[in-house]
Amino acid sequence: MSEWVKKEISKSEVSELSKRFDINPLVASIFVRRGIKSGRDMLYYLEDDLRFQHNPFLFNSMEDAVDRILQAVEEKEKILIFGDRDVDGVTATTVLYEGLESLGADVRYRLPLGDDGYGLSMNAVDDFAKEYGSLIITVDCGISNVQEIAHAAELGMDVIVLDHHNPPAELPSPAIIVDAKLPDSGYPFVDISGCAVAYKTVSALRFSSTKWYKMELCLLNAREADGETVIECIKVRNLVPVSRLDEVVVPGERGIMDTRLPSYLQGQMILVWDEKNVTSILEKTFGSSAQFNCMDIRPELAQLIPGVANLPLSSLKKRSKLAKYGDHEATEIGGLYNIFVSYVSQSQKRDNPEIVSLEEKDLQLVALAALADIMPMKNENRIFVSKALESINSGKIRPGLLELMADVNLLGKRVNSTDLSWVLISNLNAAGRLGQPTLAAELFLSRDQKQREEVARKIVELNMQRKQLSADAMDYGVIQAKNSISNHDGKLCVVIDERINRGVTGILAGRLETSYHVPAIVVTFVDDVAVGSMRSCRGFSATAFLDRMEDLFLNHGGHDAAAGFSFKREMLPDFEARLKQLSPDIQLENSRDGIFDVDAEIPLQFLTPDLLSVEDLFEPFGEKNEQLLFMSRNLPAVDAMIMGKGEKQHLKVMVDTGKHKWPCLFWNEGERLHRDFEVGDDIDILFHVERNVYNGMETAQLVLTDIRKSK
C-alpha cells in the first residue's frame, strides 16, 4: 500500500518566511517543507530577472578563453566547434556557432555522426589540421579527451574545452578548460548544462566589446558613524569583485599615508556615489591635502535607472533585491556594487540593443539543454528556463524551434517545462540517437524557412523510428534485466544485447532504472566495439562506479546520474566479471517506491482554481523541483467514468467542493472504480493542478497520483 507523507514543519518558520518575503502562508509552508528557506534559494523562485544569473567571469579561466577566441577572430584563424550528438551538445554548438559568426569568425562545426564515438576524435583533429585550422573548441565534451587534445597540440592547434561533465583524474593538457565541476573553477553553481557553458562564453565575448572589459576599478564609499569614518572599498574586474578593504579612521588621528588606502587605490579608477558628499567626508577625515580622484557614477546611472538620482546610498541598499535575499546584513558598499552592475548591464543593452533579442534566442536553447540533460531546476537554471518559456509564450520563438513546434502541435498553446521535455526534446534527441545530429543543428542554424520546415518533418519522422527501436529494445531486454538483478546482489540491472540500437541504450537504461529502482547498464555493439549507457539512482554515482573499471574502457564519462562508456568487444568477459565483482559494494539509499511526499493539504473550501497561481510560482518543474503534490480529504465523488479503449483505461472522477466541481483524471487507473471506491463515496486524493486547454479555452483540472476511500 502506498504511503502519503506530509512532513511536519514549524509554524514559526512558515510565519517568518511569509513575512520576510511577502508570500502567503500556503506558499511559505511549501517552501519550508521542501527545505527552501535561505534567501539565496528563495531568490531563484521569486525572481526571474537575468540580473540574477552568475557572471561568466566567475569562471577563473573565462578571460583566457575569451582572449584566445578574440585573437583567433582578429587573425582570421580557422575555428572548429566540436559538439555532441544529444540536445545539450547540439544546442551548445548552435549557441557558440552563432555567437562566433556574429563576431566575423571563420568558424565551422562538427558533430559525431552514425556510429562515431562520444567526444573529440583523432579523425576530427587530423581532418581539421588538413584544413590548416588552429583553434578547436569542444562543447558538452572534451574534459576526458586527454589523448586527442595532446595530439591537437602536437599538430600546432590550441584547444578550449567548454564542458560540464565530471572531470577525470587526469585533465587534458594543454587546454583552456571552462567547466564548473573543476574544483578550482571559481564558478558558484556546478549544475549547469554544456549549452549554458557555451552561452556564458558568448555572454563574456559580448561583454568584451564594452569599455569595462579587463578594466580594473575600485568602488569606494565613505560614511560617518559614531565619530568615526568608515571607508569601504571593493576592487572589481569584469564586474567580479576581486578584493575588499575596510578602514575605520577617527578624523584627525591618522594621515592618509598611515592607512592601507594609498597602496590599495594606486592605479585604480575610483568610482563613488555622490562624489561631493564622499569627498567632503574624506577631507574632514584626512585634511584637504589628501586627494582622491573620484568619478561620480550617479548622474549617468540616473539617466538609465530613473528614480535614483537623489537617493543616498543608504536608501539604495534597502531597495536592492540582492540585499533583500541576502542572508546577512546589507551594506552600503554592497548596494553600490549592485547598482554599478545594473548600470553596466543597462548601458551595454543601450549601446547594443540587439543583445536582448540575441539572449532570448540563446536562452530558448539553454532551457532545452537544461531539461534534456536533467539539470536540477534550482539556482540560475530556473532563470534560464523561466525566461525561455516567457519569450516562447509571448510568440518570440526562435527559428527552427518555431517550425518544430508547428509540426508537433505546440503552437497556440501555453507551453511549460513538461511540454519542452516530453515533446520537443524527445523529438530533437531522436536525430542524435539515430546518428543524424546535424539535422538538429541545421534546424536551428538554417536561414531558409522551407529548409527548416523540411528538417523539422524529418526529425519528427526519426522520432517515430526511435519509439519503435525503444519498444524493441525493451522487448529484448526485459527478461534479461529481471534475471540480472539477482545475479548482482539486487543492486544492479544489466542488459547486454547486440540487437539493441546504440541510440536507445540510454533510454532503455533509464526505463529499467525507473522500473526496478536500481542502477541500470545497457550494452550493445557497433562492429568490434561495445557501447554502453548507465543510469543511476538512490544516491549512487554512475561516473564513480565506471571509474573503478577505467582500465577496461576506450573512453567513459558523464554525470552522477547518467554516464556512457565503450570498450573493445574482446573485453566483454572481463567487463561482466568486473560487474559481478563490484556489485556487492554498491551502496544505495533506501528506496522510496510507493512513498509520496505531500507539499500541502488543501481543505475542501480552499480547493479553487487559485491553486494554479501557486503552481506557477514553482514552475519550471524538473529535476530536484518536482511538480507540486497536494492532498485533499473527504471530497464527495459525485460522478465517475472509465475512458479509453484497449488494455489501459483511464479514470475520470468529478468531485464537488461546494463552490467548484473539479474534473479529476487518473491515467491508466480505470480499475480503481468499483475496486477502491464507488460514486457517492467520500474520497481522499493526491493530485497535481494542471491547465487543460480545449478549443482555445483554458480550465483547471486535477491529475491524480493516488486515491483512497475516506475513513
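This is a predicted model: local features need pLDDT of at least 70, side-chain atom pairs count only at pLDDT 80 or more; totals for chains, interfaces and linings use all residues.

Colleague: Where is Lys-130 placed?

Modeller: Lys-130 belongs to helix α6. As for distances, Lys-130 and Gln-268 are separated by 138 residues in sequence and by 47 Å in space, taken from C-alpha to C-alpha.

Colleague: How many salt bridges does the structure contain?

Modeller: The criterion is a side-chain nitrogen of Lys or Arg within 4 Å of a carboxyl oxygen of Asp or Glu. By this rule the count is 42 salt bridges. One of them pairs Glu-224 with Lys-284, whose closest N and O atoms are 3.8 Å apart. This pair links distant parts of the chain, since Glu-224 is in strand β7 (residues 216-225) and Lys-284 is in helix α10 (residues 275-286), 60 residues apart. Both Glu-224 and Lys-284 are exposed.

Colleague: Which residue forms a salt bridge with Glu-232?

Modeller: The partner of Glu-232 is Arg-244, with the closest N and O atoms 4.0 Å apart. Here too the pair links distant parts of the chain: strand β8 (residues 228-237) holds Glu-232, strand β9 (residues 240-249) holds Arg-244, and twelve residues separate the two.

Colleague: Why does Glu-232 count as buried, and why does Arg-244 count as partly exposed?

Modeller: Buried means under 20% relative accessible area, and partly exposed lies between that value and 50%. Glu-232 is buried because its relative accessible area is 3%. Arg-244 has a relative accessible area of 42%, so Arg-244 is partly exposed.

Colleague: Which residue forms a salt bridge with Asp-419?

Modeller: Asp-419 is bridged to Lys-413, and their closest N and O atoms are 3.4 Å apart. Asp-419 has a relative accessibility of 11% and therefore counts as buried. Lys-413, at 32%, counts as partly exposed. Salt bridges may also share partners: in this way Glu-669, Arg-672, Arg-675, Asp-676 and Asp-706 are joined into one network.

Colleague: Which residues gather in a patch of negative charge on the surface?

Modeller: A patch of this kind is built from residues with over 30% relative accessible area and no salt bridge, like charges being joined within 9 Å. The negative patch consists of Asp-115, Asp-116, Asp-527, Asp-528 and Glu-570. Among these, Asp-116 is located in the loop between β3 (106-110) and α6 (122-130). Its relative accessibility is 37%, so Asp-116 counts as partly exposed.

Colleague: How many disulfides does a search of the whole structure find?

Modeller: A disulfide is a covalent bond between the sulfur atoms of two cysteines. The search of the whole structure finds zero disulfides. Cys-141, for example, is in no disulfide, and the nearest cysteine sulfur, belonging to Cys-195, is 13 Å away. The cut-off for a disulfide is a pair of cysteine sulfur atoms within 2.5 Å.

Colleague: Is Cys-141 buried or exposed?

Modeller: Cys-141 counts as buried because its relative accessibility is 0%. Cys-664 is likewise buried, with a relative accessible area of 0%.

Colleague: Which backbone features deserve attention?

Modeller: Most residues other than glycine have a negative phi, and most peptide bonds are trans. In this model, the peptide bond from Ser-173 to Pro-174 is cis, with omega near -5°. Pro-174 sits in the loop between β5 (158-162) and β6 (176-178). A cis peptide bond also runs from Glu-619 to Pro-620, with omega near 10°, and Pro-620 is in the loop between α24 (611-618) and β19 (630-643).

Colleague: What is the phi of Arg-538, and what is that of His-674?

Modeller: Arg-538 is not a glycine, yet it has a positive phi of about 55°. Arg-538 lies in the loop between β14 (529-535) and α22 (542-547), and it counts as partly exposed because its relative accessibility is 25%. His-674, also not a glycine, has a positive phi of about 75°. The loop between β21 (661-666) and β22 (682-694) contains His-674, which is exposed because its relative accessible area is 58%.

Technical notes
Residues are numbered from 1 along each chain as its sequence is written. Side-chain values use heavy atoms; hydrogens and water are left out. Patches are made of residues with over 30% relative accessible area and no salt bridge: like charges are joined within 9 Å, nonpolar side chains (Val, Leu, Ile, Met, Phe, Trp, Tyr) within 5 Å. Accessible areas come from the Shrake-Rupley method with a 1.4 Å probe; for residues, only the protein chains shown count as cover. Lys and Arg count as positive and Asp and Glu as negative; His and the chain ends are not counted. The place of a charge is taken as NZ of Lys, CZ of Arg, CG of Asp or CD of Glu. Helices (H or I, at least four residues) and strands (E, at least two) are DSSP runs, numbered from the N terminus. Buried means under 20% relative accessible area, exposed over 50%, partly exposed in between (1.4 Å probe, protein chains only).
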